[in-house]
Amino acid sequence: MPTESLAELVRFAPDAYGVRWVNHVALFIVTDAGVILVDANGQVNPRTPALIKEAIRSVTTQPVKYVVYSHSAFDHSTGGAVFADTARFVGHKNAVDRIKAANDPTTPAPDIVFDKKMTLELGGRSVDLYPADLSATDDYIVVHYPAGRLAMFVDLVQPRNLPFRTLLGHPERIVERFQWLEEKLDFDVIVSGHASPQMSGTKQDVVEQRVYYRDLSDAIAAARAAGLADGSPEMATLAGSILHAKYGAWRRFDEFLALNIQGMIAWRAGKSPSAH
Ligand SMILES: [Zn+2]
């Protein structure tokens, strides 16, 4: 069989690193007064948080002072308890009840909670945390480390991937958020928390994701103009034929296109199709 790389430690910026186990990526930033970690990724593999802890130890003796939740979904949020001896837990207000409801002793609920921009200061470094505000119930955040020219937006900016299933928030809000990333946030590297097809992207990947939402919207409009019913297989087939030339090589094109169409229509009709 071909060899497969299961785990990886990479440097995104002079003091910012990524730890990958298979398709999940955690981010950590090292300062002179401790480490800021985003996500423990301990659901798929319960040993991943311990692996992350050792990876951090391999580059610094500083303890983890903050564990930041990129959002509440358990594949990313599980397992931070291995850092509880030194860390506080930081997350969006909407993530608190979801994490508490899971009642998982390995996953402490956030004790530093925000629903507006918040800045973590540690060792002379600043990390800005922004609620993504993709819907009323959304708990995704955007992490920005200005000194490292680095951003993290888990799940939403996976280069050359179709958006997840029925979209992770209102499509117009997602597009606005991408425009904000492009115009207002200074960064060279953006991390998605995933590794397929790669562990990081650039501003150009944000642009491509944003344009996909516009092209998807146009394809739905074309299918409607052709008399095809919302969410019908015929609509998915026609939209697929329109979008294939540009996006057919993107990951999960065949798997998620029909769901993306259903999601865009549902969100615009005022429904929340995905409990993520
Ligand atoms: Zn994810």
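User: How far apart do the C-alpha centres of domain 1 and domain 2 lie?

Analyst: This is a predicted model, in which local features need pLDDT of at least 70, side-chain atom pairs count only at pLDDT 80 or more, and totals for chains, interfaces and linings use all residues. Residues are numbered from 1 along each chain as its sequence is written. Domain 1 covers 1-154, and domain 2 covers 159-185 + 201-276; the bounds come from an automatic or database domain assignment. Their C-alpha centres are separated by 27 Å.

User: How do the residues on the side of domain 1 that touches domain 2 divide?

Analyst: Ten residues of domain 1 are in contact with ten residues of domain 2. Contact requires C-beta atoms, placed from the backbone, within 7 Å. Ala, Val, Leu, Ile, Met, Phe, Trp, Tyr, Cys and Pro count as nonpolar, Asp, Glu, Lys and Arg as charged, and the others, Gly among them, as polar. On that basis, the domain 1 side has five nonpolar, three polar and two charged residues.

User: Which residues touch the most other members of the largest nonpolar core?

Analyst: Such a core is a set of buried Ala, Val, Leu, Ile, Met, Phe, Trp, Tyr and Cys residues joined through C-beta atoms within 7 Å. Buried means 20 or more other C-beta atoms within 10 Å of a residue's own; 12 or fewer is exposed, and in between is partly exposed, with C-beta atoms placed from the backbone. The largest core holds 75 residues, and those touching the most other members are Phe28, Leu37, Val67, Val68 and Val143.

User: Which domains supply at least three residues each to this core?

Analyst: In soluble globular proteins, nonpolar side chains tend to be buried together. Leucine 37 touches Ala26, Phe28, Val64, Tyr66, Val67, Val68 and Phe83, leaving aside residues up to four places away in sequence. At least three core residues come from each of domain 1 (1-154) and domain 2 (159-185 + 201-276).

User: Is aspartate 39 buried or exposed?

Analyst: Aspartate 39 sits in the loop between strand E4 (34-38) and helix H1 (48-57). Helices (H or I, at least four residues) and strands (E, at least two) are DSSP runs, numbered from the N terminus. Its phi is positive, near 75°, in a residue other than glycine. Because aspartate 39 has 30 C-beta neighbours inside 10 Å, it counts as buried.

User: What is phi of aspartate 133 near?

Analyst: Aspartate 133 lies in the loop between strand E9 (125-131) and strand E10 (141-145). It has 20 C-beta neighbours inside 10 Å, so it counts as buried. Most residues other than glycine have a negative phi. For aspartate 133, phi is positive, near 55°.

User: Which strands stand at the edges of the open six-stranded sheet?

Analyst: The sheet runs E8-E9-E10-E11-E12-E13, with mixed pairing. Strands pair if DSSP finds at least two bridges between them. E12 and E13 pair in the antiparallel sense over two bridges, and isoleucine 190 stands opposite glycine 201 in E13. Each edge strand has a single partner, so one side is left without a neighbour in the sheet: these are E8 (118-122) and E13.

Definitions and conventions
Contact = placed C-beta atoms within 7 Å.
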